[in-house]
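I opened my notebook to look up a few things in this structure. Have a look along with me.

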Amino acid sequence: MAIVESWVPPSREHWELLTWLWQFFPLVTIAQWLLDFYPQGKTSIDSRFNIPGKIAWATMEAPGFMLLLYIMYSLPKQIGLDSLPAVNWLMAALFVSPIL
């Protein structure tokens, strides 16, 4: 069962679109060099959404590892595999272990 149909996990067409868009990311960084406004960090602007550092870090990282684990459990069934290779699980464990 997909969370968002054909986006999570991505279909081939959506994956190609995302990888095509990603090539323009350096333009965003150039814009940050040229603009004065690029708020980064919890104290860069006053906002009621500023949260303490450790909680903010966990909140920021949680979607990444949850999405990785969801795709690793659901994708093999969709493409007809029994399981992913052990090296894939090892890489996922190395990615997730600092968070847990």
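Entry 1: I began with Phe24, which is partly exposed at 34% relative accessibility. For my own reference, buried means under 20% relative accessible area, exposed means over 50%, and partly exposed is in between (1.4 Å probe, protein chains only). The model is a predicted one, where local features need pLDDT of at least 70 and side-chain atom pairs count only at pLDDT 80 or more, while totals for chains, interfaces and linings use all residues. I also noted that residues are numbered from 1 along each chain as its sequence is written, and that side-chain values use heavy atoms, with hydrogens and water left out.

Next I searched for aromatic pairs and found three in the structure. Trp20 and Phe24 make an edge-to-face pair, because their ring centres are 4.9 Å apart and their planes stand at 80 degrees. Trp22 and Phe25 form a stacked pair, with 4.9 Å centre to centre and 5 degrees between the planes. The rule I used: rings of Phe, Tyr and Trp (its six-membered ring) pair if their centres lie within 6.5 Å, and planes under 30 degrees apart count as stacked, over 60 as edge-to-face and the rest as tilted.

I checked how open these residues are. Trp22 is exposed, with a relative accessible area of 60%, while Phe25 is partly exposed at 39%. Trp20 is partly exposed too, at 47%.

**Entry 2: the nonpolar patch.** Which residues form a nonpolar patch on the surface? I listed Val4, Trp7, Leu17, Leu18, Trp20, Leu21, Phe24, Leu27, Ile30, Trp33 and Leu34, with about 1,100 Å² of accessible area together. Patches are made of residues with over 30% relative accessible area and no salt bridge; like charges are joined within 9 Å, and nonpolar side chains (Val, Leu, Ile, Met, Phe, Trp, Tyr) within 5 Å. The areas come from the Shrake-Rupley method with a 1.4 Å probe, and for residues only the protein chains shown count as cover.

Helix 1 (12–22) and helix 2 (25–34) each supply at least two residues of this patch. I placed Trp20 in helix 1. Helices (H or I, at least four residues) and strands (E, at least two) are DSSP runs, numbered from the N terminus.

**Entry 3: a salt bridge.** How many salt bridges does a search of the whole structure find? I got one. Arg12 pairs with Glu16, and their closest N and O atoms are 3.1 Å apart. The term asks for a side-chain nitrogen of Lys or Arg within 4 Å of a carboxyl oxygen of Asp or Glu. Both Arg12 and Glu16 lie in helix 1, four residues apart, about one turn of the helix. Arg12 is exposed at 54% relative accessible area, whereas Glu16 is partly exposed at 39%.

**Entry 4: Ala92.** Is Ala92 buried or exposed? I found it buried, with a relative accessible area of 6%. Ala92 sits in helix 4 (residues 86–96). Leaving aside neighbours within four places in sequence, Ala92 is in contact (heavy atoms within 4.5 Å) with Leu68 and Met72. I also looked at Phe65, 27 residues from Ala92 along the chain, and the C-alpha atoms of the two are separated by 8.3 Å.

**Entry 5: the whole chain.** I counted four helices and zero strands. Of the 100 residues, 12% count as buried. The accessible surface comes to about 8,500 Å², and 69% of it belongs to carbon and sulfur atoms.
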